[in-house]
Amino acid sequence: MFASTLLLSTACVNQIESETDIKEGNIPINFSIKIKETATKVSENAFETGDEIGVYAMITGNKLNEERYIDNLLLKYSTGNNLIPQKPVFYPEGDATLDFIAYYPYQSDGVSTDSTIIPISIHTDQSIAANRSASDFMTAITEEISNSSSSVSLNFHHRLAKLKINLLPGENEDLDEMLAANPR
C-alpha cells in the first residue's frame, strides 16, 4: 500500500552563502524528542536506539518547497531522548529563526525539491514487529527557534491510524472456512 502525506510547514541542510546570503554560525543545533501519547509504535510509544529520523529546517517565513537551510538531515535516536545528527549542523549567523520539520521513519530520498509531499509506504504484513514500526509514520513541527545552546525539542505526532479488524462468522458460516479463504 502506498500513500502520500503533505507536510504543512517549512524547513533546509546548512546551505551556506545562499541567494539570501545566510551564513552558518558557530552555535551547534542539538535535538531532543517527545512522542504525543498515542501508543501505536511497536516499542510502546518510544523510539529505540538507532531509529532514524529525517529533519528539515528553513529560515522562518520560507516554506518546505522553497529554500531549505537543512535538507533531510539524518538523525539517529540515542539514549535520553537525544538525536545524534549524521553531521554537525549550526544555526545561521544573526537573528534569523528556523522552522523545523522532522519525520519518522527516515527516507534517503525525503521530500523532493520544490515539493511538500513525502511518499510513504505501509507494509502489508503487519504481523512482524519491524514492519509495524517501519509503517508508523510520525511528524514533528517546531517553529521560530532562535540561536540557542538548548536542544530543539521535536514533539512527534502519529499521522496514521492503527486498525484492528475482527472477523465474525455469520449465520451458517464456519470460522475455519472463512480463514481458509484468506480474507482481505
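Which residue in β11 does S32 stand opposite? The points below take up that question and then go through the rest of the fold.

1. This is a predicted model. In it, S32 stands opposite S153 in β11. The strands concerned are β3, residues 31-35, and β11, residues 152-158, which pair in the parallel sense over 5 bridges.

2. The pairing of β3 with β11 belongs to a closed barrel of 7 strands. The order around the barrel is β3-β6-β5-β4-β8-β10-β11, and the pairing is mixed. On average, neighbouring strands of this sheet are turned by 35 degrees against each other, direction ignored.

3. The largest nonpolar core has 28 residues. The residues with the most contacts inside this core are I29, F31, F47, I70, F100, L154 and F156. Two or more residues come from each of β3, β4 (52-59), β5 (70-78), β8 (98-104), β10 (138-145) and β11. Another core, of 9 residues, lies apart from the largest one; among its members are Y56, V111, I118 and F137. In soluble globular proteins, nonpolar side chains tend to be buried together.

4. T142 deserves a separate look. This residue is in strand β10. T142 counts as buried because its relative accessibility is 12%, and the cut-off for buried is under 20%. A polar atom of the T142 side chain lies 2.9 Å from the backbone oxygen of S153, the residue that S32 stands opposite. Leaving aside neighbours within four places in sequence, T142 is in contact with L98, D99, F100, V152, S153 and L154.

5. How many salt bridges are there? The count comes to 2. In one of them the side chains of E52 and K76 meet, with 3.5 Å from N to O. This pair links distant parts of the chain, E52 being in strand β4 and K76 in strand β5, 24 residues apart. E52 is partly exposed, with a relative accessible area of 30%, and K76 counts as partly exposed at 39%.

6. R68 forms a salt bridge with D71, and the closest N and O atoms are 2.9 Å apart. Is R68 buried or exposed? R68 is buried, with a relative accessible area of 6%.

Methods. Residues are numbered from 1 along each chain as its sequence is written. This is a predicted model: local features need pLDDT of at least 70, side-chain atom pairs count only at pLDDT 80 or more; totals for chains, interfaces and linings use all residues. Side-chain values use heavy atoms; hydrogens and water are left out. Two strands pair if DSSP finds at least two bridges between them. Helices (H or I, at least four residues) and strands (E, at least two) are DSSP runs, numbered from the N terminus. Axes are lines fitted to C-alpha atoms, for helices over the stretch in contact, and angles run from 0 to 180 degrees between N-to-C directions. A nonpolar core is a set of buried Ala, Val, Leu, Ile, Met, Phe, Trp, Tyr and Cys residues joined through side-chain atoms within 4.5 Å. Buried means under 20% relative accessible area, exposed over 50%, partly exposed in between (1.4 Å probe, protein chains only). A polar contact is a pair of N or O atoms within 3.5 Å; within protein, one must be able to donate a hydrogen and the other to accept it, and residues adjacent in sequence count only if both atoms are side-chain atoms. Contact means heavy atoms within 4.5 Å. A salt bridge is a side-chain nitrogen of Lys or Arg within 4 Å of a carboxyl oxygen of Asp or Glu.
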